[in-house]
Amino acid sequence: MSSFLALPWYGAGDVPDDEPLVVCGTCAMGQRVVQNCGRAFWDRFESPLQDRSPKKGGSKSKDEAADKQDSAEADREKAYREKREKRQRESKGKDGGLLKMSDDLKGRDLYELLEIEPGASAEDVKKSYRKLVLVHHPDKMTDPTEEQKKHFLLIQEAFEVISDPDKKRRYESMLDFDDAIPSSFPNGPYKGMDFYEVFRPVFKNNARWSARPKVPSLGDENTDIEAVKEFYEFWYSFESWRDPLAMAEKDDYELHCLDEAECREERRWMERENAKVAKRLAAAERERISDLVKVAERNDPRMIAYKEKLRQEKEAEKARKAAAIQAEKDKKDAEARARREMEEAKRREEEAKRQEERRVREEQKAVLKRARQRLRNLHKNADVIVRRSVHVEQLQQVCLRLEVEELDSLCDEIEAAFKQDGEEYPTVIGLFRDEIVKCGATPIFDNSVGSGASTISPEDSNEDGEASDDDDRSPAKPVRELTPEELEAERLRKLAEEAAEAERAARKAEEQRKKREAAKKEEEKRQAELRKQEKKERERLAKEKAKEEKKQEQAAKQLEEQRIKQQQQREQQREAALAEEAERKRLHEEQLVMRAFETDRLKRIAILEAYEGNMLEQALEGTLLQEGSDQPNAQLKLALRQLAAQTPAPAASKETAAAREVEELCVDLAVACLSTEGGAGAAPDEARARLAGALAVAVRPTRGQPELSKEAKATMKKVRTRARAAVLALLRKLGSVEPVRVAKPRPAGTAAPPRDTIANGVELYVAEDGPVFESATSYDEIGSMSVGAVVVASGPAVEVEGYPMVPIRPKGTLELRILRALAAPESPTKSSKGQGSSGKKASEPALDGKLKEFVRLAATNVDIAELELRGACYHTFDPAAAIAAADVPAAAAPEATVAAAGDESPAGATKSGKKKGGKKAEAEDLDSLLEEFGMTSQASPKSGKKKNKK
């Protein structure tokens, strides 16, 4: 067992009681330098103290060392601060990428809460927040309620989100966005539509996600092709700042909150899982943008024309290269043909030259042969003495050495010598022997002569043996009779010569025959080669002709296609020009309607702004309901009482968003009732009619409403808020003072009513929740119906694929299986049991017309109710009359119309409208444009009911 050793912290006896001891096993002791907190602590705290300790040296070196130390310390402090800030930024960003907001703030428009536009700058956000703080801060209020405090907290939280770039990016990524791309263009619902009309709003909508500030526009048909290519290059390399985790959170993906992690490993696992989801959604977003760009580029008429132009240029370049290759080939063929012809001519010329040379050689050979034969004949026909003195082989050497002229000269001399010499022929023998000596030989005697042997040398057999007439020229010589032996030898010699001559002739004939056959074969081969070349040439010419004809046909076809294409392009340009003109006309009409609508709204706003404080609420009750007068508006009051009965209580509307939406809908319907029926029976210039018409601006804006300027929109929003508060207060008052019991609808049976009982105007009860389809033949859902809602049929039931469908007002269809016949409602009032007039309660009038429709819509779907509220929003708005009254030119600025609206009174507007009512409207298709807004054009402003009928 090892022992332990306790080492004191200080010296022996100086150890305090509360100080620790170092206990360790017995081991070899070593020395080690210990530094507190590592080298960083030493460099920052300990080392400066040692450097400032007094050292030897001058004051200058001390100052330099101190400055150097201060500089090093400042650098270390700066590095430490930067590292800490970087760590804080990293820890700030490690929140998992999820936007954390309170439940009350979810579903709210933060920009509307801060009263700013979505594209507002950071400075504008701060200014708006400061203004709101000055208004809504609890310290600025005398007795703030919990609702006001809660609203201020929401403003603070909204400012924290919008002012932080990362949180703002996540929030905007969670907003509703139309991700659809027109992939079926130009078919399907986009058939017959213009490319720019379809794709320009799509690209403009997606440009909001661009991380790069300058986004190129789609342009039009006149845009330069380089700009078009830059546009598509930008979108192919599109960089989006859209947060994929915010998209996943909006689409209810399964994400992990990092705050719920119990340990670091679990937090990192959550981060990896969230990153996987983000990566998948980011890839899907890139794929969506890529598909959009591909579809647009595939259908872009400018890119189609550019690609067609490139294709034509490529085809032209290809044809040019093919023509150049063919021309080069033709040139080479022509050169080869010319070369072959030259070679053939040269060959013929050389052949003729060879024949001529052969002929000359043959002639020279024949002359030489005759000269030699002449010399031999002289030797042959000479006397025996001569033949014996001159050996025949040495004579052959002389014949081979001498030329034609020398042989002729020698023969002439020998013939002359034969004539002069005697019987011994010394001169003739001397001439023969002199030539033999010249050949380098020694003359010898031929002993065979006279013995019957032949005197003809073997070389004589190689000669042609053509006899010459030189025998006649031989000199006469004495003939000695031969002996029988010599005669026999001579006969045998001649026979041998004849046999050799015959053999030589046969051999020569065979050689000539072989030569002729070889020449014939060579000529046949040459002729066959010429025929083959001629055939190839004919085939080549035929191919060239066919190719040229095909090229001409293709050129004619291309010309025809180009003509047809140009015609189509002209037709498309004409259609595009017509479409552009129609679009320009439509935009011009929209501008006119927008200006007229803004003028109309400003007039109504000016009327409502005249009622200050609670005067508006009093005017609603006294002027529109006519309370306290001899003829109160009983139907309007009954409709408002029934709407007040369906309006949620103040406490309930503050708790849930659904209750708030029902409250807003009831207020919209109450405004519609007041605006539609509040001025009934009054002249247009009366205060009641003017107030009822002006109250239409209190209806919440519906889809398809013309845009207003920023200033007009802000003013209208402020006035609308005050007017809606007054209407809601009126509903609360009517619901608390004079409560009315609304008869609940109930079905007449448990089964769907028969199809033949469904007709236009029949009221039906919704027995179970079901979707509302756009039409009987469409599967597109435009809303839903809840149990207990009452709907009105707009026609008989229609059977579609075995399912009976019922069309309802104002739009859509429902399945007959979820509908029931509506039982007759109980009478809202009953007679008392007592007798006499004092014991009876007066029955309330029944609702009809628009009031009944508006009250019924309080229990239906919000989207369906919005279609009916659209008419109330445009109450008494006639763009043609408003344009004529304000005398707004087509190019007038909206500011001019706003300025003119503030100084004009309703009475003056009526007179101006009467004065200019006979003028034609500037827009030719104004009626169709009003129908698109859910309105009809009015002929005169006298009857308000007729205007609101539709």
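The secondary structure of this chain comes to 30 helices and 10 strands, and the model from which these elements are taken is a predicted one. Of the 950 residues of the chain, 32% count as buried.

**Exercise 1.** Determine how helix 4 and helix 5 are oriented to each other, and describe which residues make their contact.

*Solution.* Two packed helices are described by the angle between their axes and the distance between the axes.

Step 1. Helix 4, which covers residues 122-136, and helix 5, which covers residues 146-163, pack at an angle of about 170 degrees, and their axes are 11 Å apart.

Step 2. Angles over 145 degrees count as roughly antiparallel, and helix 4 and helix 5 are therefore roughly antiparallel to each other. The crossing in which helix 4 passes helix 5 is left-handed.

Step 3. On the side of helix 4 the contact is made by V125, K126, Y129, L132, V133 and H136, while helix 5 contributes H151, F152, I155, Q156, F159 and I162. Sorted by class, the residues of this contact of helix 4 with helix 5 divide into eight nonpolar, three polar and one charged.

**Exercise 2.** Carry out the analysis for helix 11 and helix 14, giving their orientation and the classes of the residues in contact.

*Solution.* Step 1. The axes of helix 11 (residues 301-380) and helix 14 (residues 404-420) come within 9 Å and cross at roughly 25 degrees.

Step 1. Because angles under 35 degrees count as roughly parallel, helix 11 and helix 14 are roughly parallel to each other. Their crossing is left-handed.

Step 2. Helix 11 takes part in the contact through V367, L368, A371, R372, R374, L375 and L378, and helix 14 through V404, L407, D408, L410, C411, D412, I414, E415 and F418. By class, this contact of helix 11 with helix 14 has 11 nonpolar, no polar and five charged residues.

Definitions and conventions:
Residues numbered from 1 in each chain as written. Predicted model: local features only at pLDDT ≥ 70, side-chain atom pairs only at ≥ 80, totals over all residues. Heavy atoms only, no water. Axes fitted to C-alpha atoms, helices over the stretch in contact; angles between N-to-C directions. Helix = DSSP H or I, 4+ residues; strand = E, 2+ residues; numbered from the N terminus. Parallel < 35°, antiparallel > 145°, perpendicular 65-115°, else oblique. Left-handed = near helix turned anticlockwise from the far one by under 90°. Contact = heavy atoms within 4.5 Å. Nonpolar A, V, L, I, M, F, W, Y, C, P; charged D, E, K, R; others polar. Buried < 20%, exposed > 50% of the residue type's maximum accessible area, 1.4 Å probe, protein only.
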